[in-house]
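Please keep the sequence and the structure at hand while reading.

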Amino acid sequence: MHLVPTPFPGKRGPKTVAAVLFLGALSYLPAVAAAAPLPPAELLVSTRSGALQGTEVGPARAFLGVPYAAAPVGKLRWAKPGPATPWQGVRPATAFASKCPSMDWGPARTLVGNEDCLYLNVYSPNGTKGPRPVAVWFHGGGFTGGSSQDVDPSVFAAKTEVVVVTVNYRLGALGFTSLPELDAESPTKSSGNYALMDQQAALVWVQQNIKAFGGDPRRVTVVGESAGAFSIWAHIASPHAQGLFQRAIVMSGPNSSLSDGMPMVERTVEQARGPSSKLAAEFGCDRGPKLLECMRAVPAAKLVTAAGAARGWPGWTIILDGYVLPEQPKAVRERGTVATIPILSGNTENEGGFFTQFNRLRPGGGWSEEEFRNAVLPAPFGNEILAAYPPLKYGSPDDTFAAAISDQWACGTNKINSVFARLTTVYAYEFADRNAPSTMLTFPGAAGGAFHTAEIPYVFQTSYPTEIHAEPPAFSTSQRALSDRMLNAWGDFVWGRPPAADWPAYSSTGETMILRPDGDIKLGAAEFRRKHNCEFWDTTRFGDWLVNTGNLARRSD
């Protein structure tokens with residue numbers, strides 16, 4: 001039997017060697033799955049809204065489809081989330097609730113979900129008695145897709161003895177519409193960041209209820225990937241999230257928002273009005289005093305379908321709404337009023353490889369050299385980018401495009417890590433398994449690699465996304481060892497320890513831990529910057545090129 005290396009080095013408080021043996025045994029999943037069913041009392045908890053009956057999911061107990069806020073329907077569409085409606089008796093929490101309206105992850109991109117979607121799921125280790133630290137997962141999906149059920153954290157919860165919460169939040173136009181009429185009716189006199197308000201409402205729910213599940217509300221770590229990670233940077237700067245979490249794990253946060261402003265974001269309310277007004281006009285709701293009544297009468301499915309054309313790239317996203325984000329996070333950081341909490345932050349080595357995979361669906365495959373040039377030259381700094389990244393620099397136009405996206409992403413991550421290292425403890429990583437299995441992309445010819453999202457199954461050791469895959473990836477022996485190290489590192493960080501005994505704080509050494517199947521290595525700041533051409537990206541506005549060429553790339557799919 002292969003046992004995972006003990007995930008909790010050093011001091012263990014009241015835990016004994018028995019706990020180490022228990023955690024090690026959990027790495028052998030068939031043995032965990034064969035455990036006797038929990039008695040019903042173990043699956044019954046009481047929350048402020050009412051009692052819940054949970055279920056068993058793998059090696060953990062789970063409470064699924066738990067409402068954390070009122071359904072955002074009718075007049076509550078485009079409103080700050082209110083408290084969940086209490087219930088009488090015992091509410092079954094044995095199946096997922098609806099996703100928020102969006103397109104699913106399947107190749108057909110089918111519309112799924114309904115507006116009654118503000119639910120979360122709680123996964124708690126079997127037998128948990130005392131308060132355990134809590135990890136709250138905010139999913140990715142570009143703020144237009146994804147859900148709380150994309151990941152199954154049951155194995156992570158059991159092996160690390162962490163309580164895990166996964167959260168639905170409003171997406172697309174339902175999560176980010178901003179109009180003067182909405183400002184006027186809102187008690188906050190603002191509109192737009194409903195997705196972030198949902199996430200903050202979920203964090204408040206955790207503070208009020210997580211003790212019932214064995215969690216400690218004083219030890220909450222927010223964990224997010226991509227859009228979820230970008231959300232975390234916003235919460236770190238938001239006055240309304242202060243004190244709701246004590247640590248953060250930021251996986252592939254798509255920009256250096258707290259050092260260079262917020263690229264890939266509608267920076268002002270005025271800039272966000274255009275897409276929202278265009279969407280209203282699409283349904284004839286742009287005239288007269290009953291604009292909001294008209295907009296709220298549009299079925300959610302029609303709204304989501306029309307929202308893509310109304311907004312375009314990069315999708316409906318975070319704005320400076322004057323409430324959740326009263327000002328640029330950069331200004332908050334410079335004033336020293338951001339949340340100075342410990343942070344684990346990193347990127348994948350080839351973030352861009354995920355996006356260029358879609359070129360494989362085109363007749364004839366990837367881009368030609370001419371298509372590459374036509375994509376790059378209209379962009380800001382197009383000539384400079386083309387000089388630094390000629391089409392065949394990395395063997396093919398697609399691979400060069402991927403390398404450029406990956407470099408600017410890595411450099412942005414490195415820059416924000418450097419900024420925060422002056423304020424707090426930061427641990428930096430780069431996921432670099434170049435043979436990582438393809439999980440998000442399932443179409444014929446899709447390749448694997450250290451792409452955007454590729455690290456998620458390594459952390460959770462279950463399928464990702466769950467709606468596409470029933471089983472976790474078929475890791476090789478060395479990949480399994482890497483996955484064990486990553487699961488343990490993420491768990492240790494949530495527990496308040498360094499990710500590993502040999503993992504130095506970036507704030508102390510400037511080193512990034514490169515996570516590889518054949519052994520992790522530490523890369524100094526200068527070497528990391530050379531690897532990703534950061535001197536070039538320091539003088540090129542981060543994000544602008546990705547936005548512009550991303551738009552062109554999508555047109556050529």
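Strand E2 (residues 51-53) and E5 run parallel and are joined by three bridges. Within this pairing, Gln53 has Pro92 in E5 as its bridge partner. Two strands count as paired if DSSP finds at least two bridges between them, and strands (E, at least two residues) and helices (H or I, at least four) are DSSP runs numbered from the N terminus. The model is predicted: local features need pLDDT of at least 70, side-chain atom pairs count only at pLDDT 80 or more, and totals for chains, interfaces and linings use all residues. Residues are numbered from 1 along each chain as its sequence is written, and side-chain values use heavy atoms, with hydrogens and water left out.

The sheet is open, has three strands in the order E1-E2-E5, and shows mixed pairing. Strand E1 (44-46) and strand E5 (90-92) are its edge strands, each pairing on one side only. On average, neighbouring strands of this sheet are turned by 30 degrees against each other, direction ignored; the axes are lines fitted to C-alpha atoms.

## Aromatic pairs

A search of the whole structure gives 19 aromatic pairs. Rings of Phe, Tyr and Trp (its six-membered ring) pair if their centres lie within 6.5 Å; planes under 30 degrees apart count as stacked, over 60 as edge-to-face and the rest as tilted.

Phe355 and Trp409 form a stacked pair, because their ring centres are 6.1 Å apart and their planes stand at 20 degrees. This pair links distant parts of the chain, with Phe355 in helix H13 (residues 351-356) and Trp409 in helix H16 (residues 397-421), 54 residues apart. Trp409 is buried at 3% relative accessible area, whereas Phe355 is partly exposed at 25%. Here buried means under 20% relative accessible area, exposed over 50% and partly exposed in between (1.4 Å probe, protein chains only). Ring pairs also link Phe354, Phe355, Phe358 and Trp409 into a cluster.

The rings of Phe431 and Tyr458 have centres 4.9 Å apart and planes at 65 degrees, so this pair is edge-to-face. Phe431 lies in strand E14 (residues 426-431) and Tyr458 in helix H17 (residues 456-460), 27 residues apart. Phe431 is buried at 0% relative accessible area, and Tyr458 is buried at 1%.

## Charges over rings

The charged end of Arg77 sits over the ring of Trp78, 5.4 Å from the ring centre. Arg91 lies over the face of Trp87, at 5.2 Å from the centre of that ring. A charge sits over a ring if NZ of Lys or CZ of Arg is within 6 Å of the ring centre and within 35 degrees of the ring normal.

Methods. Axes fitted to C-alpha atoms, helices over the stretch in contact; angles between N-to-C directions.
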